[in-house]
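User: I would like to learn how to read a protein model. Can we go through one feature by feature?

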Amino acid sequence: MIIKSRTVPDELILLKSVRARTKVSEKTENQIISLEKGFIGEKMFDKRMIKLALDYLFINDLLLETNNTHYQIDSLLITQPKIHIFEVKNYEGDYLLDGDCLRLLSGREIKNPLNQLSRSVSLFRQFLQYHRMNFAVEGHLVFINPEFYLYNASPELPIIFPSQLERFIKQLNTQPSRLIGKHHGLANKLLASHIKDSPYSIVPEYSYDKMVKGILCVRCGNGFMVSSDHQHLTSVNCNFVENKESAILRSVKEFSLLFPDKKITTSAIYEWCKVINRQKTIRKVLQENYKHLHLGNSSYFE
Ligand SMILES: [Zn+2]
């Protein structure tokens, strides 16, 4: 059973929103491409893991802190004999493992995900120890892209290549697995320990004033929405149609992701959305979905 499913990372939503509303550097552009690629790889992994047929708990995108250190776990699988930690990489092309270094065949060195994995596994073991829980833990580095090849990889390494994943799942399925209270206890502990506001790596500078206002299309991400009738908006880019309420709610979320310090008020969201003709429409949506708080003469939503 999947108890925490994967969603588009906030960092990616934020960067794409900044890109659609301002001019961004090539570095940010590359950051978006790499985040998108990573997310696609994780979704590919999820799709393959559907074939799991045993009693299990799956937790995706877990961000934990142990000993003042943050670490992200792409996927964590709880089965009776073992806890499996997966680091998923969507690399493409030919790579070479050169001692502790991972290189592209062209020679450029990249961060070795094996180190990232062993760091996560070690911190996770400390997490278990701290909570006085006793489970066997095993980490796996999954290369999900069939167009990936790694030279010099020894069979002892905890790597699962695309052509091995099917057999790995089959092998898991043959294990006896009946989860009991302590497994569910661990899952609950993990969900409660998950950090929602991830400390982003590098976010480009942006300011409210310099941003193009309007409602971005949820489908293409680049186009803005225009009013098509009383209740709907249409993307100028891809003609996607959405009802106003859901578009406004998305914009409120985006607004608070970009500007966590700004208060959500009817006039702020009215200005941010730009294409909604009447403040009344915005107020109604906010009132129905958020808590209305009063502060002296002004009021805002939470
Ligand atoms: Zn669109």
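**The zinc site and beyond**

Analyst: Along the chain, the donors of the zinc ion are spaced as C-x2-C-x14-S-x2-C. Keep in mind that this is a predicted model, where local features need pLDDT of at least 70, side-chain atom pairs count only at pLDDT 80 or more, and totals for chains, interfaces and linings use all residues. Residues are numbered from 1 along each chain as its sequence is written, and side-chain values use heavy atoms, with hydrogens and water left out.

User: Which protein atoms are the donors of the zinc ion?

Analyst: A donor is an N, O or S atom within 2.8 Å of the metal (3.2 Å for Na, K and Ca); water is not among the atoms, so sites may look incomplete. Here the donors are C217 (SG), C220 (SG), S235 (OG) and C238 (SG). They lie 2.3 to 2.4 Å from the zinc ion.

User: Why is the arrangement around the zinc ion called tetrahedral?

Analyst: The ideal angle for four tetrahedral donors is 109.5 degrees. In practice, four donors count as tetrahedral if all angles lie between 85 and 135 degrees. The four donor atoms here subtend angles of 101 to 121°, so the arrangement is tetrahedral.

User: Is S235 buried or exposed?

Analyst: Buried means under 20% relative accessible area, exposed over 50%, and partly exposed in between (1.4 Å probe, protein chains only). S235 has 1% relative accessibility, so S235 is buried. C238 has 22%, so C238 is partly exposed.

User: Now a helix. Which residues of α8 are buried?

Analyst: Helices (H or I, at least four residues) and strands (E, at least two) are DSSP runs, numbered from the N terminus. Helix α8 covers residues 279–289, and its I282, V285 and L286 are buried. They span an arc of only 95° around the axis, so they sit on the same side of α8. That arc is taken from the directions from the helix axis to the C-beta atoms. The face turned away from the buried side carries K280 and K284, which are exposed.

User: What covers the buried residues of α8?

Analyst: The cover includes α6 (244–258), α7 (266–273) and β15 (298–301). The loop between α7 and α8 holds K274. K274 is exposed, with a relative accessible area of 57%. Its phi is near 65°, a positive value in a residue other than glycine.

User: Where is D61 found, and what is D61 in contact with?

Analyst: D61 is in strand β2 (residues 57–66). D61 also has a positive phi, about 45°, although it is not a glycine. Its relative accessible area is 16%, so D61 is buried. Contact means heavy atoms within 4.5 Å. Leaving aside neighbours within four places in sequence, D61 is in contact with K4, R6, T7, E42, Q72, I73, D74 and H194.

User: How is the area between domain 1 and domain 2 read?

Analyst: The size of an interface is often given as the accessible area lost when the parts come together. Buried area is that loss (1.4 Å probe), summed over both parts. Domain bounds come from an automatic or database domain assignment. The assignment here gives domain 1 (2–193) and domain 2 (225–301). Their C-alpha centres lie 35 Å apart. Six residues of domain 1 are in contact with four residues of domain 2. About 480 Å² is buried between the domains, and carbon and sulfur atoms give 66% of it. In domain 1, L14, S17 and R21 lose the most area to domain 2, together 72% of what that side buries.

Key. Tetrahedral: all angles 85-135°; square planar, octahedral: opposite > 155°, others 65-115°. Buried area = accessible area lost by both parts, 1.4 Å probe.
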